[in-house]
Each structure stands twice: as C-alpha cells, then as structure tokens.
Amino acid sequence: MPVFDFSNTTTEKKDPECTYTTFQSNETKPSPEKPILILENKSRSWQHHSCGVFSNPNQKSSFEFKEEDGVFPADILKIDSRFVSLVKWLGENHISVRLSGQNSDEGYAVYKIRETAFGGGTKLSAEDGFLQFMIERLLASSAPAELPEDEDESEDGDDMKLTSIQSITDFMTCAGRTMPDNIRLWARRNLAVARSHEVSQEERRHAQRALSIMMNIQWKNNYFESIDPVEARRILDEELYGMEKVKQRIIETIIQINRTHTLPAYGLLLVGPAGTGKSQIAYAVARILKLPWTTLDMSSINDPEQLTGSSRIYANAKPGIIMDAFSMAGESNLVFIINELDKATAGKGNGNPADVLLTLLDNLGFTDNYMECMVPTVGVYPIATANDKDQISAPLMSRFAVIELPDYTEEEKKVIFSKFALPKVLKRMSLKEEECVVAPDGLEAVIEQFADTTGIRDLEQAAEHIAANALYQIEVNHVSSVTFDREMVKKLFE
C-alpha cells in the first residue's frame, strides 16, 4: 500500500484576507435597499436567486457562486455587523445556502439567506430550521456596540427551539455577542457542565435544561421606540369609559417614555373595587407599549419558592413562575401584570412571597434559584392590581406609582350598559340592536338592581341575561323584537 509523505512539501501559507467593512443596522426586515450584506458584482452580475457557499474565513471573506458554467467567487464588500459571526460559522462549516439579492452599482445586495442542504454532518439541517431561527433572532437584536478584532426575508424560525447541546453551542457561536455579558459567561460555564463527563447525569440534564430556557429568550436592550400618544388615547377610550384621571396618568407615562426612550423607574399600582377594570387597563397598557404580557396571580402563591424556583440539588427541580414568564414571552421586555398584590402578604410557606418581588420591581435584576443567574429586568414594566392598598407592605408600595380607580357613578353605569356592554353582547349573539331594546325605565331598573355592587361585571352579566332572554323569545315565540321596560326587567331578575 503506497504511503504518501507530505511532511516536506512546501506550500505558501497565505494570511486570511478580509475584504469587507461592517455597518450597524437595527432593521428587522431586510430588503435590497437595506440588505444583510453586499457582494462584489463588477466582473459578473448575479442572479436574483443564487446558490453557493461562503468561503472559509481563515482564507478569504467571499462567497462562491455555483453557476451552470462553474464556480465563481465574489468578495464580501459590506456586512451587517450583527451577521459577521453567522457568516463566519456558515463558511467554517461549508453550509450550502441560497441567496436572494439584487444587483446595483454598489454590488449584489443580499437580503435573504436560506439553507439548501445539510452541510457538515454534525450541524443542524434545513428541516430543523436552525439557520432561519438564527437569522430571525439576529434581525430582532440591536446592533452590537463593537466587533471583536478577529472577527439574514425571514421564514418561520420561531418554531425552532434550542434544546440540543449542538444547537446551543452553534447559537453561542453565532449570536453570543447579542446576549448580556453575565448571561454569556453563565452560558459558557453551564455548557461546560452539560458536556462534562465528570459530573452526574442529573447535573448535566439540569444544565442543559437551564441553557435551553435561557437561550430561547430574546435578550433585548432597554431602548424603547416612541409611542404615538393619539393612538394610545384611542386604545384607552376603546377599552375604558370615563376615568379621565387614570387615562391622563397613563398618557403622561407614554410621554415620559418618548422623551427618555426607557421605561419609568416605577411601575403602576391600580387600586380600586372589584370590577372597575383594573386588569383591562393593564392589558391596554401592554397593547400600547406593543409588548408581550404575562400575569401573576398572587392570591394563588403560597410559597416564595414558587416564584424563585428550586435548587438544582433536587431531582425534580424546576424554574420559578417568574422565569417561566420570561420563557413564555420569549423576550426580556414584557409587561408583568401582578394581580391581587394585596393578597401577597398571606404567605403560608417559608417566608413572604411578596418579598421576592422587590428585586424584580427595582429593575436591578432577578435571580432564579434553578437558573443560578441574574436575569436583567430593565425591560420589565410591572403593573399591579389591588382592592385594598392598606394590605400592601410599605416596601412594595414604594416601588409603584399608585393610581386609585373610583367606582362608577350611576350615570356612568347607564352609559356603559347601553353604549358598551349591551351592544357587545348583541354583536356576539348575532342580534340586531332593534331586536333587543331596553327602554329608559328598564335601564333605570337594571341600575337599581345592581346599585349595591361595585364595578361593571354585574352589568355585563345583566346585559348577557337580557340579550339571551330576547333571543329566546325571538326564536321560540317568533316575535320580531323585544323591548324591556321596568316591569319586564324586574320580573327577569327576581
């Protein structure tokens, strides 16, 4: 069998050649005008859809087009700074991709990158969606402040979840710089534990699970785009009747965000009787801020560990509810709605659950016992609701801007019933307004019936009852319409 000895072969070793410059961009939807990268096209114009591979970055920063008449390299001229590590990873692993771009005087502007074939045998395939997941995550990220010295039209990539060690490793390689420094360091340490054979299988499993949770959260900065106050007011008017002082306070918060581009130092605490629309206001604020929201019902929390998670020393350890909220939202910027904060003091476990909320509300960072890492909370906007603020501890109260919601007056309840509650129910039941009419004296009877109750929930239930009775009479008695006067209303609710 012949043996080939190349030990004495002399080859000229070339230094890697970097042909591109980077530019910073925060675009979430690349286009030919705002591309991911630009390739040289002076010697040859490239097709709208072109296949090939990125060359090994240790040799030259270019793309090798696979054309019908051969393979033609093209230098990378410019690249979005967020995609430098990803392109390097694609080149090192020789992954075949298809580019979508447009020729211009500046070069071939690439605005879409898709994987076309399974490349290296150890990396994820196109079916796994890893590349599209990476591109979507990078497009959602802010441009990095700086690049290391040595240093993608989106398809559905959100279905991709980083669970395997390989995918987590590749994610760290491609997008590690988009994460906060402490989380990046934490991830490296946990990745070492997950790979190690010197620790127990249980420890490796916990480390991999924690990594999967943390890597699947989009860690965003605390910069917030300006919000249109007119649109914010429209949303509030759509959700709430009256409550001008409450709406004014929320609009003031919006104006503050527009000036500072950061969230206020204090969250909102909405205090008022049951049924006055406190949760509805919280949902409206999340809609105005265009943030995902999650709810935390303090009346069902009996032990602080439910919030902080359990230590990994236990086989059945798991993260706490707060960390689960980040995981479900999929990003670090969210509206955290804390319902019934006044019930938090009734902890039945080892300690007061309310005390756990203090670090979350201070926006200094929250530490989960299972994750063993401080989670940045600068993008968390807390909105709490309570019926009785006297039941809330002073330290908790000091973390909120308190807004008190008064109960509705009789006149306001009349308007809410006739203009909002009843029309909404009629629309849901496919009834026309003329088919179910409440006469003025009937409206008075409805308000009198629920004069001793707070909020408008009873009014909404009354509208449901009246509309259902009208529908019954129309369908069974074959009448064309039903008008409810005082006597009919009293008979209906007796």
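Buried means under 20% relative accessible area, exposed means over 50%, and partly exposed is in between, with a 1.4 Å probe and protein chains only.

Quick housekeeping before we go on. This is a predicted model, so local features need pLDDT of at least 70 and side-chain atom pairs count only at pLDDT 80 or more, while totals for chains, interfaces and linings use all residues. Residues are numbered from 1 along each chain as its sequence is written, and side-chain values use heavy atoms, with hydrogens and water left out.

Back to Ser-141. You'll find Ser-141 in the loop between helix H2 (130-140) and helix H3 (165-175). Helices (H or I, at least four residues) and strands (E, at least two) are DSSP runs, numbered from the N terminus. Leaving out residues up to four places away in sequence, Ser-141 touches Asn-26, Arg-82, Thr-178 and Gln-218; contact here means heavy atoms within 4.5 Å. With Gln-218 there's also a side chain to side chain polar contact, at 3.3 Å. A polar contact is a pair of N or O atoms within 3.5 Å; within protein, one must be able to donate a hydrogen and the other to accept it, and residues adjacent in sequence count only if both atoms are side-chain atoms.

Now, helix packing. Two packed helices are described by the angle between their axes and the distance between the axes. Take H1 (residues 84-92) and H2: their axes come within 11 Å and cross at roughly 160 degrees. That makes H1 roughly antiparallel to H2. Axes are lines fitted to C-alpha atoms, for helices over the stretch in contact, and angles run from 0 to 180 degrees between N-to-C directions. Under 35 degrees counts as roughly parallel, over 145 as roughly antiparallel, 65 to 115 as roughly perpendicular, and the rest as oblique.

Who meets whom? Leu-86, Trp-89 and Leu-90 in H1 meet Phe-130, Leu-131, Met-134, Ile-135 and Leu-138 in H2. By class, that contact has eight nonpolar, no polar and no charged residues. Nonpolar covers Ala, Val, Leu, Ile, Met, Phe, Trp, Tyr, Cys and Pro; Asp, Glu, Lys and Arg are charged, and the others, Gly among them, are polar.

H1 also packs on H3, where the axes come within 7 Å and cross at roughly 125 degrees. H1 and H3 are therefore oblique to each other. On the H1 side you have Ser-85, Leu-86 and Trp-89, meeting Asp-170, Thr-173 and Cys-174 in H3. This contact of H1 with H3 has three nonpolar, two polar and one charged residues.

How many of the 11 residues of H3 are buried? Eight are, so H3 is largely enclosed by the rest of the structure. Among those buried are Ile-168, Phe-171 and Met-172, and the cover includes H1, H2, H4 (181-195) and H5 (201-215).

Next, Met-179, in the loop between H3 and H4. Met-179 counts as buried, at 6% relative accessibility. Its contacts include Phe-171, Met-172 and Trp-219.

Last stop: backbone angles. Most residues other than glycine have a negative phi. His-94, though, has phi near 50 degrees, a positive value, and at 48% relative accessibility His-94 counts as partly exposed.
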